[in-house]
Amino acid sequence: MENSTANNVVIKIDNVSYDYRSSSDEFIARGVKNVSLSIGKGEFCVLLGRNGSGKSTLAKLLNGFIVPDSGTITVNGIDTSVDESIYEIRSKVGMVFQNPDNQMVASIIEDDLAFGPENLGIPRDEIEKRITWALETVGMSEHRKRSPNKLSGGQKQRVAIASVLSMLPEILILDESTAMLDPKGRAEVMETAMRLNKEKGMTVILITHYMDEAVGADKVFVLSEGELIGEGTPREIFSNVELVKRAYLELPVASKISLELKESGYDIPFALTDEELAEGICKLK
Amino acid sequence: MREVSFGQYYPSGSKVHALDARVKLLLTIAFIVMVFLVKSLYAYIAVAAFILLVTLVSRVPVLKVLKSIKAIIFIVIIMSLINLFANAEGKVLWSWWILTISEGGIITAINLALRLIFLVMGTSLLTYTTTPMELTDGMESLMYPLKLIKVPTHDIAIIMSIALRFIPILMEEVDKIMMAQKARGACFDRGGVLKRAKALLPVLIPLFVSAFRRADELALALDARCYNATPNRTKYKQAKLGWGDLVATLVTGVFITLVVAVNNNFWGLY
């Protein structure tokens, strides 16, 4: 998969560093350091790392909220540090944040979906079509005329995704969008993101500290202390015990069990999912 | 969770909901002016009848409209009491120490209470039947003349829309913080006024901190969705004047005339 999309790079981060500084240029905190990575069109990528690892900084860099101190970031070949193209980048890179309440502008769901396209000056009829499409895509059509206040966390976050989809982005960034949700809400959001990736070919970048959300990804990037310390398929990353420990990550239960079984002398392959684990156990003599 | 009824949209798809927000806004302003002009109790009956009529047509539950008074009931009571004792016109009915109740006082107190109640009922009918977005769009449209002298009317409209959106969220947050403080032994409902006010301080500070944090995140979200990307912003919901608006204006006009007539005892009813 990686090979087929390699020449179709949508995001290229080249040796980027960023530090948070106060207005008087005093160092406050490190953001990211010498990060280089590229993401291909239609890929489902996961940025893993614990709090303060620099993963949200990276998201903000991708959307041009902040500009790298050194290095360059290009989205669809456009440099994020060029002021004139900032809105083009933002409309192409849709961003969903952690708290669903703090990213909705309107008290009626369809009005919230209209906000992005209105800002871009999209004609009315086209906005109408996009709202219908976006709500259908996230499965929230029946709530169109309602207030977001009465929805569950997972539903709110799906509306937030739809609000971004209405700008027709090519890349969807979910910045810890599952962190505040209960397991059911998390599953809803993950399922929506997966479906967008598989059915609509949308490039998805999921930022999280839950490793189990990375299981189905095409590519996983691991960040620690602002540096990129690992890159690869979920299987490559998860089975790298040293790396997982260094990034203070928690393996999915299936992987943990398979590793511990192996440690206790059973001949069992590394398992990513529950099914793989079951299969491995069944094959034991 | 606390029931926040004032200022919340109640969708029922009625004729009143379908009216142009600008018309509703202007009619509400006319209504407010009218309520302030009313002096006679008979005229208040007409005002009440008008509110009832609008409530029925809008298919908002009557109870919900009545509930909107709950938010201001203390203000009404306090203001009425002040007026009750402050106005000493007419026959003195009761007097003790420096407190005196006179006929004039009773009349102004009732007047003021009814005025405030009808005011809130009328305006909450507006917010029940109009989405905040329509409302703010309507205001923006009515503020058009200001735009010509470079007042950022669109920004003002967006600020109002966001404020309305966050009222229930912040209310919920107050509840949460109060519960958290109560769990740690805080006490909000005992002691004198001063002590109670002081007890609220540990609620207000976290509330402000969280509000600022929310504002920060919201600013990012606005930027992420290309706020201010182009001066040629389009509008998804374009308000158009229809026959309904004409009918509503006429009906309101007739009612206002009626109320003014009754108020000035035009027909010699009393």
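## How chains A and B meet

Between chain A and chain B there are 19 residue pairs in polar contact, with both residues at pLDDT 80 or more. A polar contact is a pair of N or O atoms within 3.5 Å; within protein, one atom must be able to donate a hydrogen and the other to accept it, and residues adjacent in sequence count only if both atoms are side-chain atoms.

A word on the ground rules: this is a predicted model, in which local features need pLDDT of at least 70 and side-chain atom pairs count only at pLDDT 80 or more, while totals for chains, interfaces and linings use all residues. Residues are numbered from 1 along each chain as its sequence is written, chains are lettered from A and ligands numbered from 1 in the order in which they are written, and side-chain values use heavy atoms, with hydrogens and water left out.

### The interface

In terms of contact (heavy atoms within 4.5 Å), 41 residues of chain A meet 34 residues of chain B. The two chains bury about 3,300 Å² between them, 55% of it on carbon and sulfur atoms; buried area here is the accessible area (1.4 Å probe) that two parts lose on being put together, summed over both. Asn102(A), Glu118(A) and Asn119(A) account for 20% of what chain A buries against chain B, more than any other three residues.

In one salt bridge, the side chains of Asp112(A) and Arg225(B) meet at 3.5 Å, N to O.

On the side of chain A that touches chain B, helix H3 (86-92), helix H4 (109-119) and helix H5 (124-138) each supply at least two residues. Helices (H or I, at least four residues) and strands (E, at least two) are DSSP runs numbered from the N terminus. H4(A) gives the largest share of this side, 10 residues. By type, the side of chain A divides into 20 nonpolar, 11 polar and 10 charged residues. Ala, Val, Leu, Ile, Met, Phe, Trp, Tyr, Cys and Pro count as nonpolar, Asp, Glu, Lys and Arg as charged, and the others, Gly among them, as polar.

### Aromatic pairs

Over all chains, the whole structure holds 6 aromatic pairs. The ring centres of Phe115(A) and Tyr227(B) lie 5.8 Å apart with planes at 20 degrees, so this pair is stacked. Phe115(A) sits in helix H4 of chain A and Tyr227(B) in the loop between helix H10 (193-224) and helix H11 (243-263) of chain B, so the pair joins two chains. Rings of Phe, Tyr and Trp (its six-membered ring) pair if their centres lie within 6.5 Å; planes under 30 degrees apart count as stacked, over 60 as edge-to-face and the rest as tilted. Phe31(B), Phe50(B) and Phe255(B) form one aromatic cluster.

### A few residues in detail

Buried means under 20% relative accessible area, exposed over 50%, and partly exposed in between (1.4 Å probe, protein chains only).

| Residue | Relative accessible area | Class |
|---|---|---|
| Phe115(A) | 0% | buried |
| Tyr227(B) | 11% | buried |
| Gly232(A) | 9% | buried |
| Asn228(B) | 48% | partly exposed |
| Lys150(B) | 75% | exposed |

Lys150(B), in the loop between helix H8 (144-148) and helix H9 (153-183) of chain B, has a positive phi of about 70 degrees although it is not a glycine. Asn228(B), in the loop between H10 and H11 of chain B, has a positive phi near 70 degrees and is likewise a residue other than glycine.

Methods. A salt bridge is a side-chain nitrogen of Lys or Arg within 4 Å of a carboxyl oxygen of Asp or Glu.
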